[in-house]
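Here is a colleague's note to read beside the model, written as numbered points. Please keep the sequence and the 3D view open, and look up each element as it is mentioned.

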Amino acid sequence: MTARPPKASGARLRELAQSRRARAAGGGCTPGPGPAPRGTNGLSAPVAPATNVQREILPVPTALAPLLPDGGLVKGTVVAYTGAGTLLAGLLAAVTGPGGHAAAVGLPQLGLLAAAEMGARLDRLAVVADAGRDPVEVAAVLLDGMELVVLGLGGGTVSPARARVLTAKARGKSATLIVTGGSWPAPDLSLEAKVSGYTGLGTGSGRIRSIDLDVEVRAKTGVPHRGRLAARPLDGRVEWTILENAVADRLGVARLERSVAVS
């Protein structure tokens with residue numbers, strides 16, 4: 001028969017327990033987290049959300065910044081663009097001019113001269129005018145090394161599943177994707193620019209000196225922001241200015257938002 005081990009006495013058990021506690025206190029063990037804070041009703045108190053989280057912003061033409069919710073294009077987001085190519089050239093110039101890198105895919109009509117006159121550095125701009133049968137795949141590759149990629153869809157429609165993949169990649173690479181000339185489901189921001197007038201043209205002749213654009217910006221939430229911008233030559237280059245009525249419209253929107261919040 002196998003002998004049973006002798007039972008420990010109560011004093012011995014207390015001695016072993018004290019010994020284990022001493023080893024735990026002096027053996028480098030890390031204590032677990034303390035109990036969660038409790039509210040007045042005895043339940044776990046809610047955790048306060050993080051505040052002052054700053055998002056990385058891409059620069060834009062100065063005149064456009066007041067119309068954008070974050071004062072620029074947020075890195076890691078997708079922007080749906082419709083309208084005049086002049087503002088697209090300005091967006092590329094705003095990124096590459098200070099030293100950033102950008103790419104234009106599937107935009108054979110992009111005005112590179114206009115972009116250069118707005119301050120773009122063409123040595124920091126990759127242009128794939130003919131992206132073949134799958135410009136979306138080309139844009140996905142360029143997201144690896146660019147801060148801004150402008151993708152022309154050529155009238156095509158991107159499926160929700162594929163849009164989610166590209167959106168996740170843009171977020172992971174901290175790059176901004178602008179899509180134009182097609183349909184993209186649920187973009188983070190929608191930007192539309194319509195030509196509202198020219199200056200410099202006479203009665204059927206003359207050289208265009210400036211272009212006025214009516215711009216509308218729509219985020220997923222909130223009211224749209226509208227303004228009128230002008231691209232005009234100044235000291236040998238093209239500068240963007242915001243017209244007075246655009247300032248009035250922007251202030252009117254701000255007053256409307258405040259009145260809605262109060263009511």
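This is a predicted model: local features need pLDDT of at least 70, side-chain atom pairs count only at pLDDT 80 or more; totals for chains, interfaces and linings use all residues.

1. Strand 6 (residues 148–152) and strand 7 (176–180) run parallel and are joined by five bridges.

2. Residues are numbered from 1 along each chain as its sequence is written, and side-chain values use heavy atoms, with hydrogens and water left out.

3. Strand 6, helix 5 and strand 7 together make a right-handed β-α-β unit. Right-handed here means that, with the strands pointing away from the viewer, the path from the first strand over the helix to the second runs clockwise. Another right-handed β-α-β unit is made by strand 4, helix 3 (residues 112–117) and strand 5.

4. Is strand 6 enclosed or open? Five of its five residues are buried, so strand 6 is largely enclosed by the rest of the structure; buried means under 20% relative accessible area, exposed means over 50%, and partly exposed lies in between (1.4 Å probe, protein chains only). Both faces are covered, with Leu-148, Val-150 and Gly-152 buried on one side and Val-149 and Leu-151 buried on the other. In a regular strand the side chains alternate between the two faces of the sheet.

5. Strand 4 pairs with strand 6 in the parallel sense over four bridges, in which Ala-102 has Leu-148 as its bridge partner and Ala-104 has Val-150. Strand 4 is also joined by four bridges to strand 5 (residues 125–128), again in parallel, and there Ala-104 stands opposite Val-127.

6. Which residues of helix 4 (residues 135–142) are buried? They are Pro-135, Val-136, Ala-139, Ala-140 and Leu-142, and because they cover an arc of only 165° around the axis, they lie on the same side of helix 4. The arc is that of the directions from the helix axis to the C-beta atoms. These buried residues pack against strand 4, strand 5, strand 6 and helix 5 (160–173), where contact means heavy atoms within 4.5 Å.

7. Two individual residues deserve a look for their surroundings. Thr-96, which lies in helix 2 (residues 85–96), is buried with a relative accessible area of 1%, and, not counting residues up to four places away in sequence, Thr-96 touches Ala-102, Ala-120, Arg-121, Arg-124 and Leu-125. The side chain of Thr-96 also reaches the backbone nitrogen of Arg-121 at 3.2 Å. Ser-190, in strand 8 (residues 189–201), counts as buried at 16% relative accessibility, and with the same exclusion of residues up to four places away in sequence, Ser-190 touches Ala-80, Glu-216, Val-217 and Arg-218.

8. Please also check the backbone at two loop residues. Ser-174, in the loop between helix 5 and strand 7, has a positive phi of about 55° although it is not a glycine, and Ser-174 is partly exposed, with a relative accessible area of 25%. Ala-186, in the loop between strand 7 and strand 8, has a positive phi near 50°, also in a residue other than glycine, and Ala-186 counts as exposed at 62% relative accessibility.

9. Finally, some totals for the protein chain. Its secondary structure comes to six helices and 11 strands, and of its 263 residues 33% count as buried. Among contacts between residues at least 6 apart in sequence, 59% join residues at least 24 apart. The accessible surface, from the Shrake-Rupley method with a 1.4 Å probe, comes to about 15,900 Å², of which 55% belongs to carbon and sulfur atoms.

Methods:
Two strands pair if DSSP finds at least two bridges between them. A polar contact is a pair of N or O atoms within 3.5 Å; within protein, one must be able to donate a hydrogen and the other to accept it, and residues adjacent in sequence count only if both atoms are side-chain atoms.
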